[in-house]
Amino acid sequence: MSEFGLSELARQLGCDEASVFSAPWEARAFAIALGLSQAGLFAWDEFRVRLIAEVGASDRIRERDGTNRQGEYYEHFLRALEAVVTEKGIATRSELITKIAELQPPVAPHAHEH
């Protein structure tokens, strides 16, 4: 997401730009979701319903198990986006896994003491 895009988004949400996303991948996930929706590949409300379901499922598990391992908001956001993308046939789960692997930073070589 460009600087202008993030600034504009923060302005539209009525919040401080620095508090919109806590990591760059969150901004990228939001930009992808927004772009796919604006391209007409799914309605934003469809995504919103899926996101609410993800957050609700996490809340139920948290209440039942008392755990905090169900992730934070943007982890729910990402799961909802992946679900909508695969349900709509935009990409298969396998294609998503392949693309996610491609986007991972390279593994640093092991430091060897010689």
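## Helix pair α4 and α5

Helices α4 and α5 are oblique to each other, a class left for angles that are not under 35 degrees (roughly parallel), over 145 (roughly antiparallel) or 65 to 115 (roughly perpendicular). Their axes, lines fitted to C-alpha atoms over the stretch in contact, cross at roughly 135 degrees and come within 9 Å; angles run from 0 to 180 degrees between N-to-C directions. Helix α4 covers residues 73–87 and helix α5 residues 93–103, helices being DSSP runs of H or I with at least four residues, numbered from the N terminus.

E82, V85 and T86 of α4 meet R93, L96 and I100 of α5, where contact means heavy atoms within 4.5 Å. By class, this contact has 3 nonpolar, 1 polar and 2 charged residues (nonpolar: Ala, Val, Leu, Ile, Met, Phe, Trp, Tyr, Cys and Pro; charged: Asp, Glu, Lys and Arg; polar: the others, Gly among them).

## Basis of the model

The model is predicted: local features need pLDDT of at least 70 and side-chain atom pairs pLDDT 80 or more, while totals for chains, interfaces and linings use all residues. Residues are numbered from 1 along each chain as its sequence is written, and side-chain values use heavy atoms, without hydrogens and water.

## Aromatic pairs

There are 10 aromatic pairs, counted for rings of Phe, Tyr and Trp (its six-membered ring) with centres within 6.5 Å; planes under 30 degrees apart are stacked, over 60 edge-to-face and the rest tilted. Y73 and F77 form a tilted pair, at 6.4 Å centre to centre and 45 degrees between the planes. Y73 and F77 are 4 residues apart in helix α4, and therefore separated by about one helical turn.

Conventions
Helix = DSSP H or I, 4+ residues; strand = E, 2+ residues; numbered from the N terminus.
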